[in-house]
Amino acid sequence: PDNEYWQRAADISNSLGIVLTPSGGDYRFTEKVNLYAGHAIKGSAGRLTGSYKKINLMAGTDGMDCILDASACHYSKLEGFNVSGLGLAKLGIKCNGVFGAEFDDIQLSECTVAGLQFENDNTKLGCYANTVTKCVAIDCPVSGFDIYSSAGSVNLIIYNNNTAINCGVGFNETGLFSGRSCAYHDTNAERCGVGILSRNKGVQIIGGYYEYNGVDINIKSPNSSAAEGQSGKISGTTHLGSYKRAGAPTTYDTEAIVVNYAYNIKIDTAWIVNCKKGVTVDGNSKHCSVKNVFIGSEVETPFNLPLHCEFEQGSQKFTPTILYSGEKNISVLPEYKNLIMDTGNFTSTLSLDISNEDYMVGSSHEVMTSLSTANTGKVTVNDSSGGIFFGQIGSARLGYVTSFDMKRGDSATITKLNDTTWIVNGKNSITPEGW
């Protein structure tokens, strides 16, 4: 079998301290090939008869643990070849306890668990400081790329300009997981159940293009019963979903960004269109912020954020005590002082109750709607106990009315004047003052 040839070649090149440069062709492995520390395999960077080499390493036996075992490949570089599990091998490349390794320009496909997996089982020095660049994982039903903590931390795995297509999770973090400072730069995930599922502390997701996934980016604590300090950042990402998009795959109604059970996650600058949901931060997440997120066409629920999640968009900056996005009637309690109503494509109703004994004369609510361009709906504010409103909202004068509408970009301070009346002092942060 070809794996015997490859193992001999790996042994010899390692003993001589030279780069292994295999010939182009298809190689079928019935057993894994073990690679060495400081080892280098150079594939398609060379030329053969005027065209790039094409080196295909394929599984030949069902149930193989992996095709290449790079667990000892500290300070090694592997580049320029294809690895296919053909639905037979669990892993394309296995990296248990490796550090300082580089993986460049490798295609991984049809592996039943993951195309490329970094693991720490706590039997070695650790798994950390590895880089993956310009690699692609295709048709891996569980994970394209996986960071797996079976006992210890997996730290500082850096992904640069990689792609996952048609995988269960494109870029996954699984197991017990207590990793730190892993990063995803300019990542591309297409037609995956989840593009990136991150559970490490200090994650950085910078740039990247996400298209037609179920969930593009999900940051989630390893322990779903209590939030853990994570301090991560998502910045400069692009999200094109399949929701109400002609010709798009119908498998998913995309959610762009979801944060579950996480502390101190900063979402800064994203472009989101054709997603059923834009940015969702659950109520178990603390001290998070959302800033400068552009919501384009066909986003049904642009934002759904919890108490005390900072929100900033253009000239608006708010720390709400409640935010709701979508169609719903909300009865507001007196302690909810700051509210964001994201109108989306719906008509919502915000109901105050002036007869509530907890409302003192002079008590007020700060209410705003977000600047999302998808907001074609409105929020109707009324008093369920029959009170009236006067003042101004945007360019509209309110002359003792029983309700009024707030549309995209409107903000207002609504203050209890007496037992029957509210004062409304409002403006629109899109149009100039006095418009």
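Rings of Phe, Tyr and Trp, the last represented by its six-membered ring, form a pair if their centres lie within 6.5 Å. In this predicted model, such ring pairs link Tyr5, Trp6, Tyr27 and Phe29 into a cluster.

**Aromatic pairs**

- Across the whole structure, a search finds 14 aromatic pairs.
- One of these is formed by Phe145 and Tyr159, whose arrangement is edge-to-face, with 5.7 Å from centre to centre and 70° between the planes.
- This pair links distant parts of the chain, since Phe145 belongs to strand 14 (residues 143-149) and Tyr159 to strand 15 (residues 154-160), 14 residues apart.
- Phe145 counts as buried, at 0% relative accessibility, and Tyr159 likewise counts as buried at 0%.
- Tyr159 also pairs with Phe171: the ring centres are 5.3 Å apart and the planes stand at 75°, so this pair is edge-to-face.
- Because Tyr159 lies in strand 15 and Phe171 in strand 17 (residues 169-175), the pair ties together parts that are 12 residues apart in sequence.
- Phe171 is buried, with a relative accessible area of 0%.

- Strand 14, which carries Phe145, pairs with strand 17 in the parallel sense over six bridges.
- Within this pairing, Ile147 has Glu173 in strand 17 as its bridge partner.
- Strand 14 is also joined by six bridges to strand 11 (residues 114-120), and these two strands run parallel.
- Here Asn120 stands opposite Ser149, a residue of strand 14.
- Six of the seven residues of strand 14 are buried, so this strand is largely enclosed by the rest of the structure.

**Cysteines**

- A disulfide is a covalent bond between the sulfur atoms of two cysteines.
- The structure holds zero disulfides.
- Cys192 counts as buried, at 0% relative accessibility.
- Cys275 is buried as well, with a relative accessible area of 0%.

**A nonpolar surface patch**

- Which residues form a nonpolar patch on the surface? Ile12, Leu16 and Ile18 do so, and together they have about 300 Å² of accessible area.
- Ile18 is located in the loop between helix 1 (2-16) and strand 1 (25-29).
- With a relative accessible area of 45%, Ile18 is partly exposed, because that class covers values between the 20% limit for buried residues and the 50% limit for exposed ones.

Notes. Residues are numbered from 1 along each chain as its sequence is written. This is a predicted model: local features need pLDDT of at least 70, side-chain atom pairs count only at pLDDT 80 or more; totals for chains, interfaces and linings use all residues. Side-chain values use heavy atoms; hydrogens and water are left out. A disulfide is a pair of cysteine sulfur atoms within 2.5 Å. Buried means under 20% relative accessible area, exposed over 50%, partly exposed in between (1.4 Å probe, protein chains only). Rings of Phe, Tyr and Trp (its six-membered ring) pair if their centres lie within 6.5 Å; planes under 30 degrees apart count as stacked, over 60 as edge-to-face and the rest as tilted. Helices (H or I, at least four residues) and strands (E, at least two) are DSSP runs, numbered from the N terminus. Patches are made of residues with over 30% relative accessible area and no salt bridge: like charges are joined within 9 Å, nonpolar side chains (Val, Leu, Ile, Met, Phe, Trp, Tyr) within 5 Å. Accessible areas come from the Shrake-Rupley method with a 1.4 Å probe; for residues, only the protein chains shown count as cover. A salt bridge is a side-chain nitrogen of Lys or Arg within 4 Å of a carboxyl oxygen of Asp or Glu. Two strands pair if DSSP finds at least two bridges between them.
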